[in-house]
Amino acid sequence: RLSGPFEIKLNSEQDWPPVPTCSPEGWNSALELLRSGHQKLLGALGGLPEAKLESVVPGTDYTYYVLLHGVVQHDIYHAGQMAVLKRQLRSETAG
């Protein structure tokens, strides 16, 4: 949405991908997906004029400023989920 018109069309497997196994490899894979997504976001933000923040995102009733706050909140939510899963995995392997 930051770089132009965007329409999300996901099939059911993309929308609800298989859950990776609880393993160090699965954890590392999840972290890499998170890092990759953040790098793409940072790249898009690097070219975003500040004035665009107050513009309404096409096809919505909210601004780019609100959109970006939503992205941050979404990532924080999932980071919390990852922390809970990591703690659970640690307790299962210790016990």
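**Close-up 1: how helices H2 and H3 pack.** In this predicted model, helix H2 (residues 24-46) packs with helix H3 (residues 64-94) at an angle of about 165°, and their axes are 12 Å apart. Helices here are DSSP runs of H or I with at least four residues, numbered from the N terminus. Axes are lines fitted to C-alpha atoms over the stretch in contact, and angles run from 0 to 180 degrees between N-to-C directions. H2 and H3 are therefore roughly antiparallel (angles over 145 degrees get that label).

**Close-up 2: the residues where H2 meets H3.** On the H2 side, the contact (heavy atoms within 4.5 Å) is made by Trp27, Ala30, Leu31, Leu34, His38, Leu41 and Leu45. H3 brings in Leu68, Val71, Asp75, Met82 and Lys86.

**Close-up 3: the largest pocket.** This pocket has a volume of about 1900 Å³, taken as the space filled by probe spheres set on grid points joined across faces, edges and corners. A pocket is an open set of points on a 1 Å grid over the protein atoms alone, where a 1.4 Å probe fits, with protein on both sides within 12 Å along at least five of seven lines; lining residues have an atom within 4 Å of a point. Its lining counts 39 residues, and Leu33, Leu34, His74, Asp75 and His78 lie nearest the centre. H2 gives the most to this lining, twelve residues.

**Notes.** Residues are numbered from 1 along each chain as its sequence is written, and side-chain values use heavy atoms, leaving out hydrogens and water. Because the model is predicted, local features need pLDDT of at least 70 and side-chain atom pairs count only at pLDDT 80 or more, while totals for chains, interfaces and linings use all residues.

Technical notes: Helix = DSSP H or I, 4+ residues; strand = E, 2+ residues; numbered from the N terminus. Parallel < 35°, antiparallel > 145°, perpendicular 65-115°, else oblique.
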